[in-house]
Amino acid sequence: MSRKNWPEITSAFAIGPGVGAILGLVFAPQSGEDTRALLREKTQDGIDEAVARGKKVARKAQTAADSARESVNHAVEAGEGAYREARNS
């Protein structure tokens, strides 16, 4: 591929998505209003799914943090007990 063809190839890739979008709208099986409603619905579904996944991740993180806190508390208690025992012996 020579450098002379580079602008033509770049232009083709830049124009392609625009032509595809226009043809998609022209030949769409639904009206513009129906298409916009469908896009809104799909967008809202995506947002709802992202929020649900975020909440699930947050719950798992909270559970992991609680478990870590509990482990640290047990280790501290064991350390304090060992210190008291060593000090009293």
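Is Arg69 buried, partly exposed or exposed? Arg69 is partly exposed, at a relative accessible area of 47%; here buried means under 20%, exposed over 50%, and partly exposed in between, with a 1.4 Å probe and protein chains only.

Good morning, colleagues. The structure above is a predicted model, in which local features need pLDDT of at least 70 and side-chain atom pairs count only at pLDDT 80 or more, while totals for chains, interfaces and linings use all residues. Residues are numbered from 1 along each chain as its sequence is written, and side-chain values use heavy atoms, with hydrogens and water left out.

Let me begin with the overall form. The protein has two helices and zero strands; these are DSSP runs, numbered from the N terminus, with helices (H or I) of at least four residues and strands (E) of at least two. The C-alpha trace spans about 90 × 45 × 10 Å along its principal axes. The radius of gyration is 31 Å, whereas a compact globule of 89 residues would have a value near 12 Å. That radius is taken over C-alpha atoms, and the globule rule is 2.2 Å times the number of residues to the power 0.38. Of the 89 residues, 0% are buried.

I turn now to the salt bridges. Side chains of opposite charge can pair when their charged atoms come close. A salt bridge here is a side-chain nitrogen of Lys or Arg within 4 Å of a carboxyl oxygen of Asp or Glu, and the count by this rule is two. Arg69 is the partner of Asp66, with 2.9 Å between the closest N and O atoms. Both residues belong to helix α2 and stand three residues apart, about one turn of the helix. Asp66 is partly exposed, with 34% relative accessibility.

The other pair joins Glu49 to Arg53, whose closest N and O atoms are 2.8 Å apart. This pair also lies in helix α2, at a separation of four residues, about one turn of the helix. Glu49 is partly exposed at 43% relative accessibility, whereas Arg53 is exposed at 55%.

Finally, the surface. Lys55, Lys56, Arg59 and Lys60 form a positive patch. Patches are made of residues with over 30% relative accessible area and no salt bridge, like charges being joined within 9 Å and nonpolar side chains (Val, Leu, Ile, Met, Phe, Trp, Tyr) within 5 Å. Lys56 lies in helix α2, residues 32-88, and is partly exposed at 47%.

Terms used
Areas by Shrake-Rupley, 256 points an atom, 1.4 Å probe, with all protein chains shown as cover. Lys, Arg positive; Asp, Glu negative; His and termini not counted. Charge placed at Lys NZ, Arg CZ, Asp CG, Glu CD.
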